[in-house]
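Here is a guided walk through one structure. Take it chain by chain, then look at how the chains meet.

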Amino acid sequence: MATEQETDRGRFTITQSQRDRIARFVRKFRSNTKAMLGFSIVVMLVLVAVFAPLIAPYPIEQTNIEDRSQAPSVEHPFGTDDLGRDIFSRVVMGSRISLYVGFGAISGALAVGAVVGVVAGYAGGLTDEILMRVMDAAMAFPPVLLALTLLVVLGPELSNVIIALAFVYTPYIARVSRSAALAERNEAYVEAAIARGESDSRIVFSEVFPNCMAPMLVQGSLNVSFAILAEASLSFLGLGAQPPRPSWGLMINTGRGFMETAPWMLLFPALAIGIAVVGFNMLGDGLRDVLDPKVEAIE
Amino acid sequence: MSAPSTATDGEADDGPLLDVRGLRTEFRTESGPIVASNEVSFSLDRGETMGLVGESGAGKSVTARSLMRLIDSPGEITGGQVVFNGEDLLQKTEAEMRDIRGNRIAMIPQDPMSSLNPVMTVGEQITETIRRHQDVSKSEARQLAVESMDDVGIPDAEERIDDYPHEFSGGMRQRVLVAIGFSCEPDLIIADEPTTALDVTTQAKILDLLNEMQAREGTAVLMITHNLGVVAQTCDHVGVMYAGNLVETAELGDLFDRPRHPYTRSLIDSIPEVDTDYDELPTLDGAMPDLGNLPSGCNFAPRCPHATEACRTGGDPSLDAVGDGSSRAACLHADDLDLSKSTVPEAGTGRRDIDRTGEPLFEVRNLKKYFDAGEGVFGNVHLSWEGGGLPTVERRHVKAVDDVSFDVYPGETVGLVGESGCGKSTVARTALRLLEPTDGEVYFEGQPLHELGSSEIRSLRREMQMIFQDPQSSLNPRKTVGQIVGRAMEKHGIATGEEKRERVGDLLERVGLSRAAAGKYPHEFSGGQQQRVAIAHALAVEPKLIVCDEPVSALDVSVQAQILNLLNEIQEEENISFLFISHNIGVIRHICDRVAVMYLGKIAEFGSIEQVFSPPFHPYTESLLSAVPHANPDRETDRILLEGSVPSPINPPSGCPFQTRCPKKIGDVCEQDLPELEAVDGDDHYISCHLSEAEMSQRDSFITPSKRAETRPADSD
Amino acid sequence: MSMYNYVFRRVGFMAVTLFFVTLIAFAVTNILPGDVALLILGPNATDQSLEALQTQLGLNRPLYVQYIDWVIGLLQGNMGESLRFGEPVARLIAERLPRSMMLAVAATLVAVVLSVPLGVYAAVNQNEAPDVSASMFAFVGISMPIFLWGLVFILVFAVWLNLFPTGGYVSPSEDLVGSLTRLVLPAGAMGFALTAYIMRMTRSSMLEVLSEEYINLARAKGMSQRVIVLRHALKNAIIPVITVIAFQFSYAFGGVVVLEEVFFWPGIGRLTLTAIQSRDIPLIQGCILVVALIYMFSNFAADLLYAYFDPRIRYGGDD
């Protein structure tokens, strides 16, 4: 029973209980290997992306015909591609593209999907039905296909990839936040808020929404990995990032032709994708474990 | 009979059927091991029924499951012996145990909803048990299953054996569980809270069934429950558990006449009885300690009115024989204490008089609430094939509330009592316009609630608050207690900033919590404390009416008493009216001034407590009140058991809703005419029934107001 | 009777969703920045040719008229004419449909056969070696881009081991054996990719079921672990898995454009890709519509299967 200590920072007071709560979360997170592993990978990726120009030893566009298609060596740890470019540098710089797309698309999806979902879940009735039918309809189209179609009209540029993917993944976030809102709506504290005389909008944003954030974060994290995979597929098909940008998917596409002669052109970007996706998946899974405790009842 | 025997293996026929010696079960947790079953010892003879009583968290379920070795990681049985029929079950292999489970020892679990596999037919679930343990053919097994369903009173067993669990009502499902339990004619049945999830009337039937089956088969029964009334009706001897320890064992009569452990005394006293009349329920402060946080010394010492220094130090007292040796108690002072007198104060002045001369505070007239019978926008649209030919589309409704009228005066408590599905919760919510009424009128201080716009309603909400059944669910888990209570004040402009914080602290103290509670989150509190927070939240806006929806049903008995006392106190001081909803007759009796008995969306009877609990009775009221199991083994009950189960509110019976089950049904008039709510025996007492007043007054009152809550004589009636 | 009500409701929902699906399929290619005709002819087109194309395609009519026209055409089985191939879109799609169907069915079969037992096994041995390795495998499985699986399979089985051809398609009516050998790798690769998802779902569904009360009672009746898992748990656990299987099936149908590309499998996926690369609007519309329809119908089939497995739906109680 800790005594209460309030530190007043203007309008923000952080009580001991709140500090305890944060500390508990951090402790739980730390003890979950999956979450920690995922988190570390993601952090590492972000650092690589941020400091990419400093890490990459060679400028990515520097071609050097004499050095082309060289196997991995000390000077070129990942080897060189068919135009003599250093693969390591390209992979490192490529992380920027993947993360840019991943975070960008999912932030967009979260922003729209969260609102749509929570409103639908809370409002129920016709609003919910209509909104969900629309979301269902959007999910009927396979993500890559839908994104491809959108890119046809928007034009194959990286920023359009983000828009297209945001559009594509919004329904998934909406679904999750809707079911979270639905579950919360049935809790008595919502009824208590209504009985208190709160307006609907206040209830949705102040009471219900914060309790829905957890599943949304989990889904969001998982969706980042989908987005990265999707970007890779799109680039692989030539409709994502355009050469000479070092998108991992694009690199695999080029590497495909040299699969037997220079497999490293394929291998390293593939590994990079794998690690990134595994990282975000682990983070998402781990977060889900941490935020969703199963209560062990003894009696 | 209840002392552990010293018989050795091989004397199976002479010794007790079950002899538990020093059973110890632990659970590994993050903060170290906790002991859920601490050196528990007791024994049970063939054909006997023993009750294992305690509040939730006391360890009774764990003990029971340990007997069958159904404890999984992170739990483990770490010590003791369980001698069954002369053999120690704890030494057996898992394969041997599997042969015993369901066969020699069977279990009847608590929740009929979730204990039956939804994708297997009821018959399959019975026959598989039979075929597992007995060498019979498929058709023989099926025949046996049909017989066992007959035995437990399931009508049309031959056809229903192929039905799925969800096609049965709760009471019927419990009967199936009983059938499964008895199917292989075990020597011992462990019934884990078998009636807790059921309505009072259904509970009565199941208890009778258990008694009957037991008498017929000669099975021994270990009955786990928190309800002393159930114990009084079914058991031969009793064990009381507290915080993992068995603190008392005694013969049934002895336990109630002269309990030996102070906890037992207070447990018996805190139950509001239907026939006693007293102001305040005797309670103990605090609650049963968490198993991970046990005090040094006797676990009960912190709350015990008789505790001495010796009790608080020195570890758990051992369970020793007391008096003439037939009882055992784990108390250092057991030999010296005389706990035969109840601590319930002498009959009080009764409830205060309510002034009903003015206008009622809250009035409900002809309220109706129908729901769509299904989910989604097309929820109530159904195809029906009546009358052959093409299916027709019809709209189906659940008639949850069907023409209900009552009123509440300032400062009084009106109760709504009934079994699940009768519509009492819906009435409350619809009356507060948390749900939109389908029809009818609601007036608060004369203002027509049903006509107000949404913003007008919102400002009126200050006057009408609500307390919910599940305290945990009623508090936003992401807000601190201070934020929750304070928000209510902010919303209605009662106080802000520093003044608000002051008031929040005051309120928290008022409901029995510390001021420091404001900075904590709901999950840091126990159920009882959370409910106090909910009460503080309701009081924060200074309402005139508080609707209490089963506020104590989810709480342990001793905590329940504390909350009820608190509510009474608040009502005295602030003159707040309560609309109190409950299915617990004893609680209603204790806290209400007037009460309405509901059945299938309608009011069957309405009047003061005196009036409703005394003749004339609506037949449903009569059977409802008679079905309550009294925590008094000497009282013979003249229970009126109802046939069948509650009809579906989608398709209520024609005429009087109760006519399908009424033991006093006159005839056609009951099927054709819906009886009106009419005044009987003067005024203020309303019953809706076609019977004459004389016919409704054929039994005595359930209350003996002159009775004082003292020693119950050993032989009475 | 309740079954009919269930189906009736499902059909109702499907109809509404179907409407939105057609709307989206239409909108995605039409209500976006960029003149459609310009898109097709490129930035160097003359105004004249632009106008001519617009009139030809009926692009200068109001959008809702175009939409209604299109839907009416759909109901008659007419999806317009492909700009690139000059043939009716419907015919092009109908040609490819059976090929994609073959691949999807084969892949789903592979996936189900592998993943369900694996998922059950993992759940039953939760947190022990088999579970950990299976879960890790599944994890890696969902983390790899699908086309990578394809490339890996080609590399291993076709190039190194030289067991199977690297791609292409032969109709079974022409050459059954050749057709099947060409099916193995793409179905295998896709099946493998699907396995990961289905396995995870099976495992978590199984875990949830195993913690239910009725499982406890089954144990209290003395049932063996095998009986509990196979008789009590599986039937309950499989119910949510059905949805996932249906989803994966429809995904295998058109979603794996990339896989068809890698294996040169001339299915709907590749057709769509060609359409996209040539900006063949009518063909694109037709393709994505068909793919969406497949998804919706497999979901509907899953709903029906649901009802078969869950008696609560079949004989709904009012309780």
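Start with chain C, where 42% of the 319 residues count as buried. Keep in mind that this is a predicted model. Chain C is built from 14 helices and zero strands. Along the principal axes, the C-alpha atoms of chain C fill a box of roughly 85 × 60 × 40 Å. Look also at the contacts in chain C with a separation of 6 or more: 71% of them join residues 24 or more positions apart.

In an unreviewed entry, UniProt lists residues 97-306 of chain C as "domain: ABC transmembrane type-1". In the model, that span is 83% helix and 0% strand. The C-alpha atoms at its ends lie 26 Å apart. UniProt, again in an unreviewed entry, also gives the feature "transmembrane region" for several stretches of chain C, including residues 101-124 and 136-160. Residues 101-124 of chain C are 100% helix, and their end C-alpha atoms lie 34 Å apart. Residues 136-160 of chain C are 92% helix and 0% strand, with the end C-alpha atoms 26 Å apart.

Now turn to chain A and its contact with chain C. Here 31 residues of chain A are in contact with 37 residues of chain C. On the chain A side, α5 (125-139), α6 (143-154), α9 (200-236) and α11 (264-291) each supply at least two residues. α6(A) gives the most, with eight residues. By class, this side of chain A has 22 nonpolar, five polar and four charged residues.

Chain A also touches chain B. That contact takes 26 residues from chain A and 34 residues from chain B. The elements of chain A that give two or more residues to it are α1 (16-31), α5, α8 (188-196) and α9. This time α8(A) gives the most, with seven residues. What is the make-up of the side of chain A that touches chain B, by class? It has eight nonpolar, eight polar and 10 charged residues.

Next, go to chain B and its strands. An open sheet of eight strands has the order β20-β21-β22-β17-β23-β24-β26-β25 in chain B, and its pairing is mixed. Why is one side of β20 (464-467) and of β25 (678-679) of chain B left without a neighbour in the sheet? Both strands stand at the edges, and each has a single partner strand. Further in, β23 (residues 594-599) and β24 (residues 602-608) of chain B run antiparallel and are joined by six bridges. Within this pair, Ala596(B) stands opposite Phe606(B) in β24(B).

The largest nonpolar core has 390 residues. Those with the most contacts inside it include Ala147(A), Leu222(B), Val597(B) and Val291(C). Helix α4 (residues 87-123) of chain A makes the largest contribution to this core, 18 residues. Take Val597(B) as one example. Leaving aside its neighbours within four places in sequence, Val597(B) is in contact with residues that include Val417(B), Ile603(B), Val612(B), Tyr620(B) and Leu624(B).

How values were computed:
Residues numbered from 1 in each chain as written. Chains lettered and ligands numbered in written order. Predicted model: local features only at pLDDT ≥ 70, side-chain atom pairs only at ≥ 80, totals over all residues. Contact = placed C-beta atoms within 7 Å. Helix = DSSP H or I, 4+ residues; strand = E, 2+ residues; numbered from the N terminus. Nonpolar A, V, L, I, M, F, W, Y, C, P; charged D, E, K, R; others polar. Core = buried A, V, L, I, M, F, W, Y, C linked by C-beta atoms within 7 Å. Buried ≥ 20, exposed ≤ 12 C-beta atoms within 10 Å, placed from the backbone. Pairing = 2+ DSSP bridges. UniProt positions renumbered as here; feature names shortened; annotations may be inferred.
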